[in-house]
Amino acid sequence: MADSLDTSALFQIEEPEAPRARRRAAGRAIGIDLGTTHSLVAVAPSGAAPRVLADAGGNVLVPSVVSYVGADTRVGVAARAEQVDHPQQVISSVKRFMGRSAQDIGFSHPYRIVSADGVIRFDVGGRRLTPIEVSAEILAVLRTRAEVELGGAVDGAVITVPAYFDDAQRQATKDAGRIAGLDVYRLLAEPTAAALAYGLDRGDTGLFAVYDLGGGTFDISVLRLREGVFQVLATGGDSALGGDDFDRALAAWLIERAGVTAPDHGQTAEALHVARAAKETLSSEDVVAVDLPRAGLAGFELTRAQLEAIVTPIARRTISPCRQALKDAGIAPEELDGVVLVGGSTRTPLVRRLVEQVFRREPLVDLDPDQVVAFGAAIQADILSGSPREGVTLLDVVPLSLGLETMGGIVEKIIARNSTIPIAARQVFTNYSEQQTAMTIHVVQGERELAADCKSLARFELRGIPRLPPSMARVEVVFQLDADALLTVTARELMTGAKQTVEVKPTYGLSAAEVDALVTESYDRAEEDFAARSSAEARVELGRVALAVRAALDDAGDDVSVLPAEEREQVVGALADADATLAAPSASGKATDAVRLRLETVSEPFARRRMERSLLSGMQGKRVEEVERAIDDEGDLDARRGGHGPELTGVGHDEG
Amino acid sequence: MIIPDHFALLSLPRQVDIDRDALEARYLELAREFHPDRVVAADGAGQRAAVERSSELNEAYRTLRDPVRRAEYLCKLGGIDLESTDPKQGAPAMGHAFLLDMIERRERLAVARDGGDIEAFRGDVERELSAVTATAIAELRRERIRSAAEQLVARRYLQRLLDEVDAGS
């Protein structure tokens, strides 16, 4: 903090650092929904309809869980599988820790947390990692998934954040993106992304509310759409309220039922897993059987009514922010044209009933509430990559007021919540005596009257104020919020016009230098990861080709009419190279590809002859359509093989 | 320093009564044109300029769409800045009688809290608030800036009282 805000040279003229001007690659952008419980990535290249990307097993959702058990880091399903046995080294729901200080963390968790200079770190046994770095691991997995899909590097990303995220939480998210090697075009509010995806842009005009209850965060936004402009009128929420709280409440209740008074971490982790599954089942069923082997609970029948009794007090906490958002937007529930549900937790029937009560209408649920945010992010990412896409303009708001601490610890609001961003505000300070040559600026965010009750974003000292009679020295401080709702403070001494720009790094984040160091480190590692992946893929491909060639060799036997002796020698030689390459795990993707290409090339005449022969022999006594089908099958095989080669080659080029 | 005129930016005549539809239409048009997302190909300076222009536009819109902010802004353009404490160009000091009235209102609030009718009290303050706002706007129509500014300061006192009622503190 202090290093980046050393303002001893305040009134030297200094140009703010020019944002990097980089040409963006249209159509190579991704949208990421970085969720509390799971994350996903979607693309909508060059005006295409958005689609979410799945892993090899067809899974779209990546559990937002990172395992630091052992030397390697694992993310997603593999990490989650290790959670019950290693509750302190497997980090889940890291989003709840983003941009927060140790004091902000009022919820229970199994982790060993160390806090220094306001920055919290997870101690995962040897390594100490900030929530930003843990989030970056999840983002990197999503980026890699997209790279495989796009067949090369990703140009940039739009990452969604809860609308109610404050400056520190947003900055932390953006830093995580950078560490994951992403050019973060924009942080987009989750409800706004959902509205965009919902195709609300297709109507001419309308007023919509988006109710977004995710795993760990709750947002409510009221939007107006007119003439291709999405205008967020008001937003509200709770960045520490979500479906995870349902799980925790249910887990605690179940543990009590099991008669365990002081559960260990393993019992708690098990209860959480079981509670989550039971909750999901009870969205469609009325009763579910629950087993907690570690806690000694077997065959317990949990009813939906019991679940609802447990979670109702939590769900009801969403009502007041909804009413406040409507009030801030200046509209009555009846004026709305629709209410959109987002987030997996809105599958809970209780939540749907609550939304219906508050907004007095049945909510819209036609898009998958888990995917709709990623869809919107992908669309906005495509627009921002420079694709010629008919885009709507998104006018978002800052969710929480920004202010300065004044005498007596009272907050003076500088930018009011729900102001459309970007927005700037200025405040002029004067000296109170000729002796005063410095003043402290404490920037806070929140709605409370006392600075101590708000989130402290930054505290810095302006020095070098000229010695002038009281009230004669005038320092103008400008707060600029950009389109990500991130704050920059500029101070200018009005007598001389000299100015200084201060990048407001939140007190609970990493300094710019720390982020840069991590970016460099992860860039090196990303290259390794990339190389490892392309090598693995190349090996699979080579193995497949070698297997096919070997089978063909066996089949041909000593028949020189299908395989002349000298050609056989070449094929056998190439096959031996392939075996050697497959036996050497260190072979690079490029080298492996070269071996495969040679094997394919030398065996190509052989393969063609075999195919002609099999067709000829097949035609004797076969019906025409069967022959045609045989040709089609061969064609498919060729297309598959042909389609795969260039993709891998392309990856190799980009990497180099 | 030249104060950028919000009315000129949004192509509206500088007066207290505005055409809301014209304001909304012009705002949307400019918001689309100025938004940083519209200049993704621009260099750093171009991006910065877009952020600055959008910021000015959003501030102008926020000020003009709200009748009270609009009235306060007209006072500022007329030479009286309610944010300032300057005796000549700052917020007019309220008269003794008004301040005594405020003390009396606070006493009534305390009574209302202590088992009295808080809703009736709120209704009274809301009516007074509407009345001073209407007077301020009427004064602005007659271009009586100082008198309008006095009403707007009174309005701020009443608004704060109302906020306290709502906050329940």
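Predicted model: local features only at pLDDT ≥ 70, side-chain atom pairs only at ≥ 80, totals over all residues.
In which hand, left or right, does α2(A) cross α3(A)?

**View 1. Crossing of helices α2 and α3 in chain A.** α2(A) passes α3(A) in a right-handed crossing. Helix α2 of chain A spans residues 131-150 and helix α3 of chain A spans residues 167-179; their axes lie 8 Å apart and form an angle of about 55 degrees. The two helices, α2(A) and α3(A), are therefore oblique to each other.

**View 2. Residues at the contact of α2(A) with α3(A).** From α2(A), the contact is made by Ile132(A), Ser135(A), Ala136(A) and Leu139(A). The contributors from α3(A) are Ala172(A), Asp175(A), Ala176(A), Gly177(A) and Ile179(A). Sorted by class, the residues in this contact of α2(A) with α3(A) comprise six nonpolar, two polar and one charged.

**View 3. Interface of chain B and chain A.** In this interface, 23 residues of chain B are in contact with 32 residues of chain A. Between them the two chains, B and A, bury about 2,100 Å², of which 54% is on carbon and sulfur atoms. Of the area that chain B buries against chain A, 24% is supplied by Leu28(B), Asp37(B) and Val40(B), more than by any other three residues.

**View 4. Salt bridges across the interface.** The rule finds two salt bridges across the interface of chain B and chain A. Glu24(B) forms a salt bridge with Arg226(A), and the closest N and O atoms of this pair are 2.8 Å apart.

Technical notes. Residues numbered from 1 in each chain as written. Chains lettered and ligands numbered in written order. Heavy atoms only, no water. Axes fitted to C-alpha atoms, helices over the stretch in contact; angles between N-to-C directions. Helix = DSSP H or I, 4+ residues; strand = E, 2+ residues; numbered from the N terminus. Parallel < 35°, antiparallel > 145°, perpendicular 65-115°, else oblique. Left-handed = near helix turned anticlockwise from the far one by under 90°. Contact = heavy atoms within 4.5 Å. Nonpolar A, V, L, I, M, F, W, Y, C, P; charged D, E, K, R; others polar. Buried area = accessible area lost by both parts, 1.4 Å probe. Salt bridge = Lys/Arg side-chain N within 4 Å of Asp/Glu carboxyl O.
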